[in-house]
Every structure is written in C-alpha cells, then in structure tokens.
Amino acid sequence: MKSVLNYGMNLLKENPVFGLYLGICSTLAITINLNNALGMGLSVIIILTISNVVISAIRKITPDEIRIPVYIVVIATLVKAIELLIKAYAPAIDQALGIFIPLIVVNCIILGRAEAFASKNGVVASALDGLNMGVAYTLSLVAMSLVRQILATGIVDLSNPFTNTEIFSITLIPSQYTIPIFSSAIGAFLTFALLAAGVSAIKNAEEKKLKGAK
Amino acid sequence: MKKIIHLTVFLALVSALAGGILGYVNALTSPIIEEQKIAAVKASLQSIFTGTNDFKEINFEDASGNVVNAYEAVGAGYAFNVEVQGYKDVIRFIVGIDNTGKIVGLEVNYVNDTPGLGSKVAEPEFINSIVGKQVDASLDVISGATISSNAVLKGIDSAAAVFGTLK
C-alpha cells in the first residue's frame, strides 16, 4: 500500500506537465474531451517508451557531438510511423487530434527524457522511465480534460477510437448550467493554472511536513 | 578528419535506417488510409448517387483552388468536395454532378455563418433550388444571405469547371 502511495506521490511530484512544466502546448490544445486526452496520452506513452528504449540501446555507439540530431531522427521516425498507423486504424483520433500528433516530435517531454535519462541509463530502466513519464502525462491530460469537458458540456463520454462507437456517456450537469468557455483556449489556461496551483500546494505541504519531521 | 567522417557516416546510417522503417510502415498503411479517406465521405456519396456503390478518388486540375477532392461514381457521374470562404468562416460541401451535367446532389457539411441568415445555405429550401438544375444554368442566391449563398454558388462553378475538364 505504501509503495502505491509513494508511486502516486512521485507521479505528482515528477509529473512532466504540472511538476516540470514540460509539453504544455499540446496539453492546453487537445484536452477538450476525454477521448482526445486518452488518444494523445496513449500515443505519447508508446512513442516515449520506444524512443527511450532505442536511444538507450544506441547510447554507447552514438557519438556525443551528434547525439541531438540522432535523437531527433529516432523520435521523428517513431512519431511519423505512429501517425500513419493512427490514420490507418483509428481515423477518429486522427480527425480529433489532427496536427497535434505530428507535433509530438517537438514535445519537449520526449527529447527531455532522451537527453536527461535514456542517454545515461540502461534499456530496462529507460523503458520504465518512458512508461512512467507517459502515464504521468496521460493522467495530467485526463485530469484537465475531465474538468474542461464536465464544466463546458456537462457530459463525460468515451468512445472506441477504432470503431467510433460510444462506450459510455454520463450527463452530470444539466445543459443550462454548463460553462462553455471551458472548451475554449481561455478555459484551458484557467484549468491548467488551477490544477498546477493545486499540485504546487500539495508539494509544498509535503516539503513542510518533511522539514517538521527533521 | 577521421572524426568528421565517423560522425557523417553514423548520422547517414541512422537516417537511412529511419527512412527504411518509414518506407515499410508507409507501404503497409497507405492502402488502408486511402480506404479510410473514401469511407469518410462514402455515406455522403451514396446519398447523392443512389444507384452505384463503386467510388474512387480521382486526380484533377482546379484553377480556382476551391475543389478539395474529386470522386468518380463509376458510370454515374462525379462528386466534388468543395471548400469556399463564406461570410465569417469556410463553408464545406459535396456537390454531385451526373454525366449529363445535371446537379444531382448537394450536401453542406460545414457552415459557421450567421445563424438564421448564412446558415440557410444548409437548409432544404436552398438545396432544392439547386439540385436538379444543369451546372451551366443560372442559380439563385438567398436574399439576406447573399455572401454565404454566393460563396456556395461560386464553389459549384469551380466544381463545374473541374467537371468540364474531366468529361
């Protein structure tokens, strides 16, 4: 139980979005609904894990001078491959996320983890790091999208990206009490600020407790 | 000197490998992506050309730049996916023209102009005033929604021009 709690705390503290403030551009843009958030999150988990593994595997033969171009080639190849696969098998995600799938190439989480972790650590550790960071990123997207979708439309729904059929749809707020502004860019910034403040508050409280213990 | 060659060769190898992988994935997915593209508009195409089930995307030349895609309904006619600038946003529609040059269908898929005015271009009254006419006949605009309806008519003209080159 304690390790699960620790893991959760680490996800929060080392969270790429709300802790390290990485990859915020796509976070703001695509968190309009839960479907988009999960689609983007899964793509990033896959790309981040594979790119960490590949970059870690070639870390000993990659000359230091050209490591960044090599990382970019690896990441861009993965993203393009995933983009083609999404276009072919999950066109609904492609329609919803559009340009933000190719833009994963420049998502700083991926290059950041390649440079900070995968280039210095073993393959297994790098895979786990990629998975962890991807999950943390996905959870941040899901949190943002839940707040925004519920406030803006009053409905939470999820559909199967491969067949485009609805899995569930729950109405939480009657349509006359919704706040549509939360589906626009302003709502994205507001939600992000509130959630980031919340995460900071938790982190500060934790630090104080540690100091008090000493 | 040796160092530079080493770096160059390494990066070239990595890039070549990446290119190979992408080529493979592309070969694997491109036929499926083509199918998906057609599937997305197939419902619209079938409601326009009720008689046939055989559609394919075709290449075309368009001087106006309004026509986005062109599809051939084999044996029946052609359909054009058109995007024009409306009053405050683009208007997207699919227009079907049969082999005799008659407009057999018009389906407005996206319009974001003033509700009650520009939005009328998506309503049956306007659509029915166009469907059934020859492409070279004169078509009426909607009073009060001149800009939006004119945009659609301009788009139909572009489609008709492309249709002229295909025949």
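Tutor: A crossing of helices is left-handed if the near helix is turned anticlockwise from the far one by less than a right angle, and right-handed if clockwise. This is a predicted model, in which local features need pLDDT of at least 70, side-chain atom pairs count only at pLDDT 80 or more, and totals for chains, interfaces and linings use all residues. Residues are numbered from 1 along each chain as its sequence is written, while chains are lettered from A and ligands numbered from 1 in the order in which they are written.

Student: What is the handedness of the crossing of α3(A) and α6(A)?

Tutor: α3(A) passes α6(A) in a right-handed crossing, and helix α3 (residues 34-57) and helix α6 (residues 108-118) of chain A pack at an angle of about 35°, with axes 10 Å apart.

Student: Which residues of α3(A) meet α6(A)?

Tutor: A:I47, A:L48, A:S51, A:N52, A:I55 and A:S56 meet residues of α6(A) that include A:I110 and A:R113, a contact comprising 8 nonpolar, 3 polar and 1 charged residues.

Student: Why are the buried residues of α6(A) said to line one face?

Tutor: A:I109, A:I110, A:R113, A:A114 and A:A118 are buried (20 or more other C-beta atoms within 10 Å of their own). Seen down the axis of α6(A), the buried residues fall within an arc of 135°, and therefore they line one face of that helix. Their cover includes α3, α4 (67-89) and α7 (123-153) of chain A.

Student: Which residues touch the most other members of the largest nonpolar core?

Tutor: Of its 41 residues, these are A:I47, A:V74, A:L78, A:I110 and A:Y137, and the largest share of this core, 10 residues, comes from α4(A).

Key
Axes fitted to C-alpha atoms, helices over the stretch in contact; angles between N-to-C directions. Helix = DSSP H or I, 4+ residues; strand = E, 2+ residues; numbered from the N terminus. Contact = placed C-beta atoms within 7 Å. Nonpolar A, V, L, I, M, F, W, Y, C, P; charged D, E, K, R; others polar. Buried ≥ 20, exposed ≤ 12 C-beta atoms within 10 Å, placed from the backbone. Arc of directions from axis to C-beta. Core = buried A, V, L, I, M, F, W, Y, C linked by C-beta atoms within 7 Å.
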